[in-house]
Amino acid sequence: MPAIRPASKRKPPPEGFADIEEDLLIFANKMKDAQNTPTDNIPKHQAKWPIFQISHQRSRYIYELYYEKEAISKQLYEWLLKNGYADAMLIAKWKKNGYEKLCCLRCIQTKETNFNSTCICRVPKAELKEGQDVQCVSCGCRGCATGD
Amino acid sequence: MLRSTYKPSPGALPPLPPGWTEHKAPTGHTYYYNAATKESTYKRPGVTPTPTPPAAASPFGPPSVSPVPGAHPLAAAPMNPSMSYLQHQTVPSINLSDPHVANAFMAQYAQQNQPQSGGRGGFGAGGRGGNQQQQQRPRPQPTDKPKAKVAILGCEPWFLVYTKYGRRFAYNPVKNASYWRIPEKILPAVIELDKERIRRKAAGEPPLEEDPKYQSHEKEEEKKVEAKEAGSGQQGGQEETHDYDSSEYEEVEVTDDEGADHHDDDPEHPSKRQPTTTEDGNQGPIEFTEDDFAAQLAMMEGEGDDCMDVDDPEYDFAAQEENVDEEPLSDTDARLLFRDLLSDLRINPYSPFQKLIDEGDKTGVFSDPRYTVLTSMRARREVYDEWSREAIQALKEARAKEEKKDPRIPYLAFLQEHASPKLYWAEFKRKHRKEDVMKDSPAHHHRTFNDKEREKLYREHINRLKLPQSQLKSDLKKLLESVPLRQLNNRSSVASLPSQILTDIRYISLDAKTRDEFIEGYIQGLVPPPEAGNDAGGEEEDEVLRKAREERRKREKALEERERRVGEEKRRQEKKLAFERARLREEERELQRAMVVDKKGLQSQLAVEGKTEVPAPKEEGEKAE
């Protein structure tokens, strides 16, 4: 087990972290709240939805800061990934064609489904029945196909 | 198969006599003014009074007036019945029994008929020979409204609803949807229905509306009260003994045998209100413009509420407010306004968009009128992303600029305090290695301010310390003189000198106390700063700034203008609404009066019916008496 270093000896985060610290803190608090909410009175499969959603939002936030707004440095971005502020695997998918809005990795895990298919949220709105309102089982996504 | 037996009605307004001009009063109705005699009247001055329609004092425009499509939907002049009759007259006599022909035909005529097409809005006293009170009031705008309803056999929830002006639409009470164009699936049944209608007419049987077979709902008494209960809905139209029986698949053709009375048949059936068609605006023919939809929806909305409760004070304005957004603001202006909002409220550009929305109440974003210039969340998000990217870049640039001048100043100040000729650079460096100014801080790692530079400055400083005071003073004076008047003048203070001085080695050569006194004296001998904009580079910058400011002012003015118009429109709506409500109440009172049946109730009814044949103005006169 690695030694836990005191805060004073810890290496400071890269430059620019101060700019986004506050927003990351908000995400962290949201996540804590979501984790501590009792899940007795909701269906079992829905218990982890908020966790997935907050995690997605935070990853998206960092992804946009680095790739779209170019607001943070590469060092900071890597530091954030290393320290678990964003999901690197999910971001890796977002860079691929057709996965630009992917909600979570579980939704494209075809091996976990009965018919070896992706989640319903991956189906474009145009191909769903008219007026069909979907919400996927794994993360509560309402549709994350690129064309929507 | 069908003959158009419609007789030309006296609806066409005669041209005004010379000297008279037509105007519109603020209340919305038309009056006539003679500039020569300085006379004004609500009555249309005509050569012969007889051909004037019953609503002589009504706000009906001349036939040439047609609603302007661009105008505000509710401000648009309503269609006038006589005009629509004119149109009916001008319909060429093609056989409209074929639905395809009829529909194609309708498509052409829809444009002209639109504004009233959805509008069963008003209580529709359009052709009604009003009583006295009604003549004092501004006349209600004529609007089409449902008159009779026939269940379509075989297509269960569907009804065929006939309107006052002889048009008709399919209505599905289950889905609460109605269509002017008969949907394909019920078309055969409707054709069947029309055949039946013609057959009955030929055989002299009572029309369909009177046949219980075609009334799928129980007939309710023609009571206003019940009509108002929105849910109860379906009124039997059994006493609709009127004449639109043979009008074909769309409303254009009016073929009736009793011709003259078809615009006057309302007094006999005063309670024809069917709480149907609440949403048919959406499914209307495609030729409808947005304005028409809005107008129709607003009317429906108003109608619906009136049905619920006539005196409901909490009338819902929401739908009508939506009508008001004719934007004087261009798209780019709207975007820029939204960006101004973001900049003004000091939103952190690093924050996610979601935070802006979550904390919109706290930061005051939602309460700002500029928030609504963009109408969709998607557009807002787009602009936000764009703005944040640019704001972050600007922030970065500003920071970089700040850092550029920074590292030297504290170092020089440190040198002045601690450097002494007794120490070599290596010793000095070792002695103060823990000081911040001696370290390459990560914040400055990209700058070329390193140990070599420090050493150079240190050596130079030590060498200068050996020079005589007078030499140092003259050097400092030279330095001060080299600074442009713009940056250094009699308003500057010793504490806030320009960085050009602070980063120069000559600045720290003198002892701090004597130096400050010397500079103080020098500054006092200077002249005031030149007027802004003398410098060429500065001027350019000012120009840019001024332009930006001007643009912004323009945008804000446009926004204000828009707000003002919205407010105005709202006020107008309210006024109109109040007026409509008053009229409705009036109608109700009239209804109640009509409902009171005395002994000769039937007689009087018959008498009135007999009189519908005579020209309208006379009847009006009678009523007034």
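Mentor: The side chains of A:D19 and B:R399 meet in a salt bridge, N to O at 3.1 Å. This is a predicted model, where local features need pLDDT of at least 70, side-chain atom pairs count only at pLDDT 80 or more, and totals for chains, interfaces and linings use all residues. Residues are numbered from 1 along each chain as its sequence is written, chains are lettered from A and ligands numbered from 1 in the order written, and side-chain values use heavy atoms, without hydrogens and water.

Trainee: How many salt bridges are there between chain A and chain B?

Mentor: A salt bridge puts a side-chain nitrogen of Lys or Arg within 4 Å of a carboxyl oxygen of Asp or Glu. A:D19 with B:R399 makes such a bridge. The count between the two chains is six.

Trainee: Which element gives the most to the side of chain A that touches chain B?

Mentor: Helices are DSSP runs (H or I, at least four residues), numbered from the N terminus. The elements that give two or more residues there are α1 (17-36) and α2 (49-68) of chain A. With seven residues, the top contributor is α1(A).

Trainee: How many charged residues does that side of chain A have?

Mentor: Asp, Glu, Lys and Arg count as charged. That side has six nonpolar and no polar residues. Its charged residues number nine.

Trainee: What area is buried between chain A and chain B?

Mentor: Buried area is the accessible area (1.4 Å probe) that two parts lose on being put together, summed over both. Carbon and sulfur atoms give 41% of it here. The total is about 1,300 Å².

Trainee: Which residues of α3(A) make the contact with α1(A)?

Mentor: Contact means heavy atoms within 4.5 Å. α1(A) supplies A:F17, A:I20 and A:L24. From α3(A) come A:L76, A:W79 and A:L80.
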